[in-house]
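Have the viewer open as you read.

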Amino acid sequence: MGIHRLNHAVLYVGDLERSVAFYRDVLGFRPVAMTPDGFAGAAFLQAPDSTNDHDLGLFEIGAAAGRSQAGRATVGLYHLAWELDTLDELARTAERLAAAGALVGTSDHGTTKSLYGQDPDGLEFEIVWIVPADLLDDAALAARKRIGRLDIDRERQRYGGQTRGGVGISVPA
């Protein structure tokens, strides 16, 4: 089986309108008109620079639904990770997540620079910039074995704010 990427994710949410607003206003997803006729309580969204049909499906299960307890009280998915092109985009995303009260952590994993967020239902996600293959060095590779504090400004000085991430790793060279 030759899986080569995640096509889309589908999430159960408590309040569809609230979730659509979050993914649209905070992360820039666009609603896609593809909900089947007569099927209420669902929305499909496309990531800002995606050419995919849709990247996220949201299905409403009602306001009485509790926040996600995956990893705390139940089994379940920990998070999805979405990749950004530049460290400048990562910095802007960190600001938007913080302003929305949705930024729950940051990490420097050496070869990846990550933000962690939670949507209104407590579902977690990661936003990541990946060091391009031609800029990987021994220090970045060794740092994969630890979780460090992310200093986006230092990383922009090191790699450049507009350097396209993931080239030769997740994006063809």
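## Aromatic rings

Ring pairs link F22, Y23, F29, W82 and F125 into a cluster. Rings of Phe, Tyr and Trp (its six-membered ring) are taken to pair if their centres lie within 6.5 Å; planes under 30 degrees apart count as stacked, over 60 as edge-to-face and the rest as tilted. The model is a predicted one, in which local features need pLDDT of at least 70 and side-chain atom pairs count only at pLDDT 80 or more, while totals for chains, interfaces and linings use all residues. Residues are numbered from 1 along each chain as its sequence is written, and side-chain values use heavy atoms, with hydrogens and water left out.

By the ring rule there are nine aromatic pairs. For Y23 and F29, the ring centres are 6.0 Å apart and the planes stand at 80°, so this pair is edge-to-face. Y23 and F29 are both buried (buried means under 20% relative accessible area, exposed over 50%, partly exposed in between, with a 1.4 Å probe and protein chains only). F44 and F59 make an edge-to-face pair too, at 6.0 Å centre to centre with 90° between the planes. That pair links distant parts of the chain, as F44 sits in strand β3 (residues 42-46) and F59 in strand β4 (residues 56-60), 15 residues apart. F44 counts as buried because its relative accessibility is 10%, whereas F59 has a relative accessible area of 21% and is therefore partly exposed.

## The sheet from β1 to β4

Helices (H or I, at least four residues) and strands (E, at least two) are DSSP runs, numbered from the N terminus. In what order do the four strands of the open sheet come? The order is β1-β4-β3-β2, and the pairing is mixed; two strands pair if DSSP finds at least two bridges between them. At the edges are β1 (9-13) and β2 (30-32), each of which pairs on one side only. Neighbouring strands of this sheet are turned against each other by 35° on average, direction ignored.

β2 and β3 run antiparallel and are joined by three bridges. R30 has Q46 of β3 as its bridge partner. Helix α1 (residues 16-25) packs on the sheet and touches β1, β2, β3 and β4, with its direction at about 155° to that of β4. Contact here means heavy atoms within 4.5 Å. Axes are lines fitted to C-alpha atoms, for helices over the stretch in contact, and angles run from 0 to 180 degrees between N-to-C directions.

## A glycine in the loop

Between β1 and α1 there is a loop, and G14 is found in it. Is G14 buried or exposed? With a relative accessible area of 7%, G14 is buried. Not counting residues up to four places away in sequence, G14 touches E60, I61, G62, A63 and D121. G14 and H79 are 65 residues apart in sequence, and their C-alpha atoms are 18 Å apart in space.

## The sheet from β5 to β8

A further open sheet of four strands has the order β5-β8-β7-β6 with mixed pairing. β5 and β6 (103-108) stand at its edges with a single partner strand each, so one side of each has no neighbour in the sheet. From one strand to the next, the twist averages 20°.

Strand β5 (residues 80-83) has L80 and W82 on a covered face and A81 and E83 on an uncovered one. β5 runs parallel to strand β8 (residues 124-130), and four bridges join them. Along this pairing, L80 has F125 of β8 as its bridge partner, while A81 stands opposite E126 in β8.

## Helices α2 and α4

α4 lies across β6, β7 (112-118) and β8, running at about 150° to β7. The axes of helix α2 (residues 87-99) and helix α4 (residues 152-159) come within 10 Å and cross at roughly 170°. α2 and α4 are therefore roughly antiparallel to each other (angles under 35 degrees count as roughly parallel, over 145 as roughly antiparallel, 65 to 115 as roughly perpendicular and the rest as oblique). The contact is made by L87, D88, L90, A91 and A94 of α2 together with I152, E155, R156 and Y159 of α4.
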